[in-house]
Amino acid sequence: MKKLALIVTAAVLAATGAEARQTPTPASVSAEQPTKFVQVGRLLADPASGRVLRDKTLVIRGNQIVEIRDGFVGEGDVVDLRSAFVLPGLIDSHVHLTFESNPNSRLDGLTQSNAAQAMVGARYARRTLNAGFTTVADLGATNESIFALRDAIRSGDVPGPRIIAAGSAVSVHGGHGDVNGYRDDILHLMSPESICSGPEDCRRAVRMQVRAGADIIKITATGGVLSNTAAGLAQQFTEDELASIVEVAHRMGRQVTAHAHGGDGINAFLKAGGDSIEHGTYLDDESMRQFKANGAWLVPTLMAGDFVARVASSPDNFFTPAQTAKALEAGPKMLDMAARAHRGGVKIAFGTDSGVSAHGDNAQEFALLVRAGLTPLQAIQSATVGAAEHLRISNEAGRLAPGMPADLIAVGGDPLTDVTELERVRFVMKGGQVFRAD
């Protein structure tokens, strides 16, 4: 325990900036770098197999796993997880780190600078990492705030999960993703450059996002619950606009994911060649055919549906009338949607829409996925190997093997029996560095 305490002390110093440094890349790992030995009682190294290994030692050099040995071995820098269940760091495919829903959310958008939002994001990034999520896809924030946070975490200046960032969503004028419900002069000041109308303008918007630094293109194919406009939840882009977005994004090496509730918007986006759907509330049989034909992924964000329905129906509801109506309409339908998609063979990647619900509660999505019919193992696969495949980072995340980054978490019980164990993460290592050890 004394050795573990020394490791945790070093992690705390690093997290506070006392020894901020560039995390070594796998290519830079050498025999001269310090070696850690993580002794593990139960190990789900590759969730795709579902096989739990026992009594193993992960040998970690720099930020990389170099070997998995039988038995408990090692000397010097040893982490004792012999009584724990260890699995790869989790992946949340849909978060919004730079904000969190509250009664002042609409005012925050007016009063907070991009720098302030990045600082808010740093707080929520650490909270997300402590919850066991070592990789996230942030699918909606101001470009300056989220790209700065992503880069600061990458360089080791700020503790947090690896971020795949979309920045501003590509949206239609007046639709979900644009600014709604303010004075006209305020609308023009706040509306981002990623708002577009017409195929050519939408090509411009995608290219601007790529130029700004987007890792992935996020669009709002339909209306949304929390946009302050009574524009419904149906399709908002035209088919020509969707085709132009997907074409230019793919030409520039970016995948495209779509916020989509209405079945018409889901189907039109998938027919245009889109890569994944966020939410998917009103998907239908045609949607499921399109998902399977395209190899597209569904990110069902069940926590978001549960959260907005509870807020909208509570005495302390802080949503506007337009938001409330859509929350009560869509929220209760999302669990059944995920169940139908799962039965229909649609590929599901874990995503919470955290920022709508509270950051750090991300793992509550697992129980909702199990309620939708997934087994605990399938739910874990959706947040490891499945999400890694969806985000095209299978060589960087989702499993534990020699040559992979040392991103791992530990819980006390068996999440394959009780998936809510993942709500009680006790140990977090990212890139070979310990960030949490209860």
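This is a predicted model: local features need pLDDT of at least 70, side-chain atom pairs count only at pLDDT 80 or more; totals for chains, interfaces and linings use all residues.
Reader: What makes the five strands β10-β11-β12-β13-β14 an open sheet, and is the pairing parallel or antiparallel?

Author: The five strands come in the order β10-β11-β12-β13-β14, and the pairing is parallel. Strands here are DSSP E runs of at least two residues, helices are H or I runs of at least four, and both are numbered from the N terminus. Two strands pair if DSSP finds at least two bridges between them. The sheet has edges: β10 (217-220) and β14 each pair on one side only. Residues are numbered from 1 along each chain as its sequence is written, and side-chain values use heavy atoms, with hydrogens and water left out.

Reader: How do you know that β10 pairs with β11, and how many bridges join them?

Author: Four bridges join β10 to β11 (residues 256-260), and the cut-off is at least two, so the two strands count as paired. Ile219 stands opposite Ala258 in β11.

Reader: Which residues does Ile219 touch?

Author: Contact means heavy atoms within 4.5 Å. Leaving out residues up to four places away in sequence, Ile219 touches Val170, Phe237, Leu242, Ile245, Val256, Thr257, Ala258, His259 and Phe269.

Reader: What makes something a nonpolar core, and which residues have the most contacts inside the largest one?

Author: A nonpolar core is a set of buried Ala, Val, Leu, Ile, Met, Phe, Trp, Tyr and Cys residues joined through side-chain atoms within 4.5 Å. The largest has 77 residues, and Ile219 and Phe366 have the most contacts inside it. Domain 1 (33-87 + 398-435) and domain 2 (89-389) both give residues to this core, so it lies between them; the bounds come from an automatic or database domain assignment. A second, separate core has 19 residues, including Ala45, Ala84, Leu400 and Val434.

Reader: Why is Gln209 called buried?

Author: Buried means under 20% relative accessible area, exposed means over 50%, and partly exposed is in between (1.4 Å probe, protein chains only). Gln209 has 4%, so it is buried. Gln209 sits in helix α6 (residues 199-212), and its contacts, beyond four places in sequence, include Asn143, Ser168, Ser194 and Ile217.

Reader: What about Asp215: where is it, and why is it called partly exposed?

Author: Asp215 is in the loop between α6 and β10. Its relative accessibility is 30%, so it lands in the partly exposed class.

Reader: What makes the link from Asp215 to Arg150 a polar contact?

Author: A polar contact is a pair of N or O atoms within 3.5 Å; within protein, one must be able to donate a hydrogen and the other to accept it, and residues adjacent in sequence count only if both atoms are side-chain atoms. The side chains of Asp215 and Arg150 come in at 3.0 Å, so the distance passes.

Reader: Is Asp407 buried or exposed, and how do you know?

Author: Asp407 is buried: its relative accessible area is 6%. It is found in the loop between α15 (385-390) and β15 (408-411). A polar atom of its side chain lies 2.7 Å from the backbone nitrogen of Gly431.

Reader: How do you know that the buried residues of α9 line one face of the helix?

Author: Helix α9 (residues 285-294) has Ser287, Met288, Gln290 and Phe291 as its buried residues. Seen down the axis, they fall within an arc of 160 degrees, so they line one face; the arc is that of the directions from the helix axis to the C-beta atoms. The face turned away carries the exposed residues Asp285, Arg289, Lys292 and Ala293. The buried residues pack against α8 (263-271), β12 (276-279), β13 (297-299) and α12 (334-343).

Reader: Which residue caps the N-terminal end of α9, and what comes just after the helix?

Author: Asp284 does the capping, with a side-chain oxygen 3.1 Å from the backbone nitrogen of Glu286. Just after α9, Gly295 takes a positive phi of about 70 degrees.

Reader: Which class of accessibility does Asp353 fall into, and what is its phi?

Author: Asp353 has a relative accessible area of 7%, so it is buried. Its phi is positive, about 65 degrees, although it is not a glycine. Asp353 lies in the loop between β14 (347-348) and α13 (364-371).
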